[in-house]
Amino acid sequence: MQSTLLKVLPHLSGVVIEAIERSAAMIVLRARPRAHGSRCPQCSTTSVRTHGTYRRRLADAALGGCTVAIDLLVRRFKCVSQVCPAVTFVEQVSGLTQPHGRRTPVLQQQLAQVAVSLAARPAARLARRLGLPVAKDTLLRLVRALPEPPVGDVRVVGVDDFALRRRHMYATIIVDLETRRPVEVLEGREAGPVTAWLAEHPDIDVVCRDRGRAYAEAARAGAPQAVQVADRWHLWHNLCQAVD
């Protein structure tokens with residue numbers, strides 16, 4: 001059974017599954033580390049001297065729509081190095097645990113992708129239906145912890161302002177209109193920061209903006225080679241205002 005389970009769940013290759021408990025709403029895998037010893041995170045010295053043990057519960061990816069938890073027996077080792085500042089340390093199972101982590105990397109990645117696709121509240125509702133109960137604030141923390149993707153070369157950009165605090169604080173968002181992905185957020189809605197950003201990206205061919213003077217001046221100064229176009233929303237908005 002162990003070999004079959006590892007084929008389905010390869011991230012559990014570092015542990016030995018001792019028991020599987022199934023209830024109506026949850027599957028619990030009772031496990032222990034497979035390795036005989038562990039390396040000290042401070043000095044990288046391998047130790048097999050056990051100081052103590054305790055049980056640690058990790059949330060894992062759902063199976064068949066059921067929530068999965070790993071009940072892991074964790075050992076605390078004594079560091080055998082005489083010069084290491086760490087007296088004891090807790091072992092970590094590669095690919096499964098991390099310090100203070102309550103979820104496996106597989107579950108962490110799944111929740112982050114759902115949160116990026118749907119945003120916090122709808123992502124939390126969908127995750128609950130998939131057997132992955134999580135709070136919306138946790139999903140926001142997972143998204144904020146993701147590394148920023150590289151901007152790369154952009155050819156067609158959209159520039160617009162938005163309110164952080166209406167009538168008091170504004171910012172400017174720049175979107176790559178070919179990939180439909182935000183690439184930068186600048187403080188304020190003045191021409192200066194936008195001009196500087198456009199000047200750093202000489203490959204821009206088209207700047208799509210509202211009909212305000214600030215972004216028009218920024219496009220002329222920072223990207224003189226680019227064609228300026230008005231976006232559809234502002235054209236319709238201005239037309240409706242004129243008709244009214």
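**Exercise 1.** Is arginine 155 buried, partly exposed or exposed?

*Solution.* The structure is a predicted model.
Step 1. The relative accessible area of arginine 155 is 40%.
Step 2. Buried requires under 20% and exposed over 50%.
Step 3. Arginine 155 is therefore partly exposed.

**Exercise 2.** Determine which parts of the chain are tied together by the salt bridge of arginine 155 and glutamate 178.

*Solution.* Step 1. The side chains of arginine 155 and glutamate 178 form a salt bridge, at 2.3 Å from N to O.
Step 1. Arginine 155 belongs to the loop between helix 4 (136–145) and strand 8 (156–165), whereas glutamate 178 belongs to the loop between strand 9 (169–176) and strand 10 (181–187).
Step 2. The pair therefore ties together parts that are 23 residues apart in sequence.
Step 3. Glutamate 178 is partly exposed, at 48% relative accessible area.

**Exercise 3.** Describe the salt bridges that aspartate 71 makes with arginine 55 and arginine 57.

*Solution.* Step 1. For arginine 55 and aspartate 71, the closest N and O atoms are 2.3 Å apart. This pair links strand 5 (residues 50–63) to strand 6 (residues 66–78), across 16 residues.
Step 1. For arginine 57 and aspartate 71, the corresponding separation is 3.8 Å. This pair likewise links strand 5 to strand 6, 14 residues apart.
Step 2. Aspartate 71 is buried at 7%, while arginine 55 is partly exposed at 42%.
Step 3. A network of salt bridges links Glu21, Arg30, Arg55, Arg57 and Asp71.

Terms used: Residues numbered from 1 in each chain as written. Predicted model: local features only at pLDDT ≥ 70, side-chain atom pairs only at ≥ 80, totals over all residues. Heavy atoms only, no water. Salt bridge = Lys/Arg side-chain N within 4 Å of Asp/Glu carboxyl O. Helix = DSSP H or I, 4+ residues; strand = E, 2+ residues; numbered from the N terminus. Buried < 20%, exposed > 50% of the residue type's maximum accessible area, 1.4 Å probe, protein only.
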